[in-house]
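Here's a quick tour for anyone meeting this structure for the first time. Take a look, then read on.

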Amino acid sequence: MTLISAENLEVGYPVPGKGLFGRSRVLPIVRDASLSLDPGRTLGIVGESGCGKSTLGRGLLRLIEPTGGRVVWQGQDLANLSKDQLRKTRAGMQIIFQDPIAALDPRMTLLKIVSRPLATFEPGLSAAESRARALEALRLVGLPEDFASRYPHELSGGQAQRVGIARAIVGRPSLIVCDEPVSALDVSIQAQVVNLLMDLQERLGLALIFISHNLAVVRHISHEVMVMCLGRVVEHAPRDAFYAKPLHPYSRALMDAVPEPDPRREKGRVGTALPGELPSPLAPPPGCVFATRCPKVQPLCRTDRPALRDMGESRKVACHYPE
Amino acid sequence: MPSTQMTAEPLLSLRDLTVRFRLPDREVVAVDRVSLDLAPGEVLGIVGESGSGKSQILFALMGLLASNGKAGGQALFRGQDLLAMKPAELDRVRGVQMSMIFQDPMTSLNPYQRVGDQLAEGLRVHRGLGRSEARQAAVAMLERVRIPDAAARAMRYPHEFSGGMRQRVMIAMALLMKPAILLADEPTTALDVTIQAQVLDLMAELARENGTAVVLVTHDLGVVARLCDRVAVLYGGRLMEESPAEALFDAPKHPYSAGLLRATPRLDDAMTARLGTIPGQPRAGGMSPGCPFAPRCEVKLPLCDTTQPPLREVGPARRAACHLLEQPA
């Protein structure tokens with residue numbers, strides 16, 4: 001059964017209106033995003049800054065109120081839930097963030113940080129039960145028991161991210177949205193945290209939405225991959241098919257731009273960078289969002305936005321002239 | 001002394017470069033007796049994780065260490081020790097023969113001054129050019145780093161530039177004096193991947209055309225692979241390994257270099273169930289009597305905790321500091 005799905009989701013932020021008394025309006029950042037995710041699976045969402053990947057992640061959890069479309073969680077439309085129902089439902093969907101230390105309250109012990117969500121999600125638990133659950137979560141993320149009495153400033157970035165994960169799993173969720181969870185970490189620590197998320201997925205049957213700009217990390221952890229550009233989904237495909245042959249020229253460009261730890265190959269790539277700047281997400285071009293930089297652009301691309309269309313084999317692409 | 005064979009006289013020679021920081025309760029050794037040579041026109045990568053001391057090497061060279069920091073050893077630029085220079089002497093090297101670019105170009109540019117004026121200032125001070133001459137040269141340099149519509153852009157302020165363009169402005173500024181050395185501290189880390197590719201291309205092209213030697217400090221092995229001729233791997237302030245780039249990526253000698261490579265996911269590798277990892281956390285070094293990497297090393301010997309392994313020749317133009325490499329195979 002599908003765990004979470006989104007249909008034509010639109011998520012935006014309010015911007016001030018024109019003039020002193022102009023009415024504020026909502027500027028959509030993510031438009032027309034659809035996805036569905038089964039339990040225990042990982043969807044990777046990749047794209048450059050301003051593509052809306054984090055905004056989509058927050059919109060899915062209703063941390064930002066979507067302005068259009070709908071999110072269905074275990075068969076229920078999230079928008080129809082009352083605040084109280086939403087709070088209970090939230091136990092099942094959690095989020096971890098890029099800056100792990102900033103995400104932790106500096107005045108609380110790790111035990112308190114990790115057990116805190118239980119006060120909201122399972123208010124009936126006794127203090128001893130909460131404590132046991134928090135210690136269990138800390139153990140699951142590989143932190144020794146004596147960490148329970150420590151404070152966030154005593155942690156390295158990798159340890160802090162483990163605490164963030166412990167806090168996310170303590171309420172026994174079915175889904176964790178991971179928003180650039182390893183981008184601020186050293187390479188060796190990044191690998192530890194990616195492996196931990198994969199282990200936890202296996203043990204706890206978690207579904208993950210893994211938001212990252214790093215295509216190589218996404219390849220390792222994801223079952224399927226979605227590429228976003230300026231607020232639009234431009235490609236969505238199973239992992240292996242995607243990395244073997246991306247269909248959207250933007251996906252191709254992203255992959256070609258990633259420098260690989262392989263000097264022979266990289267020296268041959270010097271001078272192949274895609275020219276041009278990312279257009280502002282506040283004023284995306286009228287046709288295809290990638291038209292201003294696309295090496296294969298045709299006149300049609302500048303005027304007509306390509307719809308995300310089915311290419312068979314669970315692949316979708318929004319391009320008039322896919323690879 | 002390094003035994004790296006150099007055909008040309010090195011442009012820059014670090015001899016036991018050490019950087020210490022005084023803290024209220026103790027002293028931290030951020031860079032511990034690092035010796036490295038840079039040949040004219042060469043692109044040297046310095047890689048390492050947090051606390052490896054990689055950026056502090058550049059700050060020491062530029063005289064930019066924090067006020068509680070002190071550099072020791074020697075940093076010979078064309079035979080002259082930068083660390084022993086008087087401020088006035090250093091000013092004739094810094095920003096002229098040796099320039100630096102930083103990770104965050106926004107904080108390196110003056111937000112209140114037009115970009116063109118910031119570039120022209122250096123030319124007027126160091127080259128004695130007149131106002132209009134300097135401005136023309138600044139615009140020409142902005143064109144070289146492919147700022148579109150450079151003449152108009154020169155009249156604008158840094159906040160009106162995108163991140164990628166700001167970094168290109170920094171590169172333009174750094175290369176304006178045709179320095180012999182460009183020091184680059186994580187120059188593309190804050191940029192999107194397609195913009196990073198542009199900036200790396202630009203650095204490669206300018207270094208080649210001007211014969212500028214580059215010291216590139218980065219945590220990203222992919223960036224090293226694209227740009228560098230030679231690589232120095234740093235951990236806990238110590239040089240772990242130094243090697244021509246291709247040889248290092250083909251067959252790292254030091255367990256730390258090997259661990260870093262294993263932990264770096266690729267787009268084209270045969271995927272394993274889990275990424276390779278290095279256990280534990282990176283830690284700033286200089287505290288332990290042994291190898292700084294020993295607490296995380298999975299193949300360490302008892303000796304590694306107590307005695308620092310010396311750097312030794314482990315191949316053509318390759319050095320590594322590991323006791324295991326001394327063992328008969």
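Predicted model: local features only at pLDDT ≥ 70, side-chain atom pairs only at ≥ 80, totals over all residues.

Residues are numbered from 1 along each chain as its sequence is written, while chains are lettered from A and ligands numbered from 1 in the order in which they are written.

Here are the two chains, one per row. "Buried" means that 20 or more other C-beta atoms, placed from the backbone, lie within 10 Å of a residue's own.

| Chain | Residues | Buried | C-alpha span along principal axes |
|---|---|---|---|
| Chain A | 323 residues | 48% | about 65 × 55 × 45 Å |
| Chain B | 329 residues | 50% | roughly 65 × 50 × 45 Å |

Chain A has 11 helices and 12 strands, and chain B comes to 11 helices and 12 strands too. These are DSSP runs numbered from the N terminus, with helices (H or I) of at least four residues and strands (E) of at least two.

Now for where the chains meet. The contact takes 40 residues from chain B and 39 residues from chain A; two residues are in contact if their C-beta atoms, placed from the backbone, lie within 7 Å. On the chain B side, H8, H9 (221-227), H10 (245-250) and H11 (255-263) each supply at least two residues. H8(B) gives the most, with 8 residues. That side of chain B splits into 18 nonpolar, 13 polar and 9 charged residues.

The axes of H7 (residues 163-175) and H8 (residues 193-210) of chain B come within 10 Å and cross at roughly 15 degrees. The two helices are therefore roughly parallel to each other, a label for angles under 35 degrees. Their contact involves several residues, including B:Gly163, B:Gln167 and B:Ile171 of H7(B) and B:Val199, B:Leu202 and B:Leu206 of H8(B).

How values were computed
Axes fitted to C-alpha atoms, helices over the stretch in contact; angles between N-to-C directions. Parallel < 35°, antiparallel > 145°, perpendicular 65-115°, else oblique. Buried ≥ 20, exposed ≤ 12 C-beta atoms within 10 Å, placed from the backbone. Nonpolar A, V, L, I, M, F, W, Y, C, P; charged D, E, K, R; others polar.
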